[in-house]
Amino acid sequence: MAINLANKLGKGVKPQDFMANMTKNKETFQDWYDRFSWADEDDKQFFASLGNRDDLRCLILAADWCGDVVRNVPVLINALAEAQIPTEILIMEENLDVMDEFLTMGGRSIPVAIFTDTGGHVLAKWGPRPQHVQEVMVAFKQANPDREAADYQDKIKVAREEMLRRYGETTEYQTVIVKELREVLSAV
């Protein structure tokens, strides 16, 4: 990735400030954050081992109104805290220039965790959702390219219900995100 975000480093919101200043979904976000735990000690040790590195930074594109942010950013915050990777939240609406560099299938989907070096060079990204949940949206968009179609809203409602089902009511999806993050960070 030949994108450089040096001009954004130090301009985001600290994760704790993002959480404190949420105006939507604050209780649900906090609940998922509090429910986070390490299901695999090996994963926890991997993230802890990253604390030896001082060359990584993370910018997370997010907004408090987004259901995927409410589910996924608590996992990102917890895992990256264990890794001691300096992390900032970029509010999507205030950072559309960055958002438009990290579109998902041509659309603005959040959250996106963007990993850079200290000079702002983008090394990797994760997001907007765990792969097994994202598969539903990929299939939906491929089957329904016309947003103006009469049945589009009905069909996207069904897709969103399936995505929620795949997330589930437990924290198992969080373990999936940890594994996906580990894979991303293992490559940088």
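A crossing of two helices is left-handed if the near helix is turned anticlockwise from the far one by less than a right angle, and right-handed if clockwise. I put that down before anything else, and I note that the model is predicted.

**Helix 6 and helix 7**

I looked up the handedness for this pair: the crossing of helix 6 and helix 7 is right-handed. Next I took the geometry, since two packed helices are described by the angle between their axes and the distance between the axes. The axes of helix 6 and helix 7 come within 8 Å and cross at roughly 165°. Angles over 145 degrees count as roughly antiparallel, so helix 6 is roughly antiparallel to helix 7.

I then listed who meets whom. From helix 6 I have His132, Val133, Glu135, Val136, Met137 and Phe140; they meet Tyr152, Lys155, Ile156, Ala159, Glu162, Met163, Arg166 and Tyr167 of helix 7. Sorted by class, the residues of this contact are nine nonpolar, one polar and four charged.

**The largest pocket**

I turned to the largest pocket, whose volume is about 560 Å³. I count 24 residues in its lining. Which of them lie nearest the centre? I find Asp68, Arg129, Met137, Arg160 and Met163 there. Met137 and Met163 were already in my notes, as residues of the contact between helix 6 and helix 7.

I also asked which helix gives the most to the lining. The entry is helix 7, with seven residues. At least two lining residues each come from helix 2 (26-35), helix 4 (67-83), helix 6 (131-143) and helix 7 (152-167). By class I recorded 11 nonpolar, six polar and seven charged residues for the lining of this pocket.

**Backbone entries**

The bond joining Ile110 and Pro111 is cis, with omega about 5°. I place Pro111 in the loop between helix 5 (96-99) and strand 3 (112-116).

A cis bond also runs from Gly127 to Pro128, where omega is near 5°. Pro128 sits in the loop that lies between strand 4 (122-126) and helix 6.

Where is Asn25? I located Asn25 in the loop between helix 1 (15-20) and helix 2. I noted its phi as near 60°, a positive value in a residue other than glycine.

Notes
Residues numbered from 1 in each chain as written. Predicted model: local features only at pLDDT ≥ 70, side-chain atom pairs only at ≥ 80, totals over all residues. Heavy atoms only, no water. 1 Å grid on protein atoms, 1.4 Å probe; cavity = no way out; pocket = protein on both sides within 12 Å on 5 of 7 lines; lining within 4 Å. Points joined across faces, edges and corners; volume = space filled by probe spheres on them. Helix = DSSP H or I, 4+ residues; strand = E, 2+ residues; numbered from the N terminus. Nonpolar A, V, L, I, M, F, W, Y, C, P; charged D, E, K, R; others polar. Axes fitted to C-alpha atoms, helices over the stretch in contact; angles between N-to-C directions. Parallel < 35°, antiparallel > 145°, perpendicular 65-115°, else oblique. Contact = heavy atoms within 4.5 Å.
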